[in-house]
Amino acid sequence: MLERIGDPTPYAESRPLVIDDLDLGAPGPGELLVRIEAAGLCHSDLSVVDGNRVRPVPMLLGHEAAGRVEQVGPGGDLAVGQRVVMTFLPRCGDCAGCATHGRTPCVPGSAANNSGELLGGGRRLRRRGEPVHHHLGVSGFATHAMVDRRSVVPVDDDVPPEVAAVLGCAVLTGGGALLNSARPGPGDRIMVVGLGGVGMAAVLVAASLRKELGSEVIAVDTLPEKLSLATELGADRVFTPAQLAEWGDQAEVVVEAAGNVRAFETAVAATAPGGTTVTVGLPNPEARASISPLGLVAQGRSIVGSYLGSAVPDRDIPEYLRLWREGRLPVERLVSSRIRLEDINAAMDELAAGHGLRQVIIFD
Ligand SMILES: [Zn+2]
Ligand SMILES: [Zn+2]
């Protein structure tokens, strides 16, 4: 749980996450108590910890998780024991945002996320009687979570907990950048800039499309270890940013998943005439990039922003699971280590240093 934010010292020295006992109460109408089985550490958690994304505190972090339903609120449709993927941008199904089929976020869902509440309103977490904010309606860094029914997607028991967890953020975001936002055509080269969990998930999904599209898959990162893994996972070419500049060629579809301005500029510059840059990273809100408007006009290029891969989770997760069951989307390869909740501060440091893909907390 994050107690304070905006500390000017680097996260590695501040170590602000504490583990404590919270009271969750019983689920109300439309709510579920879920026993968490696995929760991934994502850069968006780190962004809250290091102050790049300002959120209300105290907050129980964690937005990429999976578990089993332990209690169902009155009138609920899921059975106790059902395995669920948590999704961090609940969709109410009724608002103008939901009517865009994923292109823009749900309006009440975003408002609830920004105020640290559940989609149905209110906070269910109490620490010694005082309310604690939910993180994106999930708060998965805990043994249990109280969630809105609309924040979960049920999955079958054959989906292991860590696979289910990373579907909820890394795969929905990285895969959706391609399938929902860029929609590559036959022969389009697909480049991914920034190989964290989201970027590597985009590489996996791009590689899974190769049979249909004949796409060449290109991966870009500053760390050689990430580039070797991208090659193992199906990238045809890998580059550091310096090597990319030397290569001098471009791709029709470029996904930026690093969340910093340099990576965004690199991605735009590497987009071929007529092509599309999809940006899914979450830089500091004050960040500003330098790109050439003429380059967009004269070469007919597009830049598209995509939050959570413009996903509709209950539409998209079954599709990724189909590819996973066919052996075409080895989502488990995104899990770089399995850790305990007690190790979360050291794991945040690892994440800040850019190592690993998905460190997943396992609960048993
Ligand atoms: Zn995430
Ligand atoms: Zn909505």
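Q: Arg-338 first. Is it buried or exposed?
A: Arg-338 is exposed, at 52% relative accessible area. Exposed means over 50%, buried under 20%, and partly exposed in between, with a 1.4 Å probe and protein chains only.

Q: What kind of model is this?
A: It is a predicted model, where local features need pLDDT of at least 70, side-chain atom pairs count only at pLDDT 80 or more, and totals for chains, interfaces and linings use all residues. Residues are numbered from 1 along each chain as its sequence is written, chains are lettered from A and ligands numbered from 1 in the order in which they are written, and side-chain values use heavy atoms, leaving out hydrogens and water.

Q: OK. Which side chain does Arg-338 meet in a salt bridge?
A: Glu-162, at 2.8 Å from N to O. Arg-338 sits in strand β15 and Glu-162 in helix α4, so this pair ties together parts 176 residues apart in sequence. A salt bridge here is a side-chain nitrogen of Lys or Arg within 4 Å of a carboxyl oxygen of Asp or Glu. Helices (H or I, at least four residues) and strands (E, at least two) are DSSP runs, numbered from the N terminus.

Q: And Glu-162, buried or exposed?
A: Glu-162 is buried, with a relative accessible area of 14%.

Q: How many salt bridges does that rule give?
A: The count comes to 24.

Q: What about Arg-83?
A: Arg-83 and Glu-37 form a salt bridge through their side chains, 2.8 Å from N to O. Arg-83 is in strand β4 (residues 83–86) and Glu-37 in strand β1, which puts these distant parts of the chain 46 residues apart. Arg-83 is buried at 6%. Glu-37 is buried too, at 9%.

Q: Switching to the zinc. What are its protein donors?
A: Cys-42 (SG), His-63 (NE2) and Cys-169 (SG), lying 2.0 to 2.2 Å from the zinc ion (ligand 1). His-63 is in the loop between β2 (59–60) and β3 (64–72) and Cys-169 in helix α4 (residues 161–182), so that pair ties together parts 106 residues apart in sequence. Donors are N, O and S atoms within 2.8 Å of the metal (3.2 Å for Na, K and Ca); water is not among the atoms, so sites may look incomplete.

Q: Is His-63 buried or exposed?
A: His-63 is buried, at 0% relative accessibility. Cys-169 is buried at 3%.

Q: Last topic: β16. Why call it largely enclosed?
A: Five of the five residues of β16 (residues 358–362) are buried, so the rest of the structure largely encloses it. Arg-358, Val-360 and Ile-362 point one way, Gln-359 and Ile-361 the other.

Q: Which strands sit beside it?
A: β15 (residues 335–339) pairs with β16 in the parallel sense over four bridges. Val-335 stands opposite Arg-358 there. β1 (residues 31–40) runs antiparallel to β16, joined by three bridges, with Ala-38 opposite Ile-362. Strands pair if DSSP finds at least two bridges between them.
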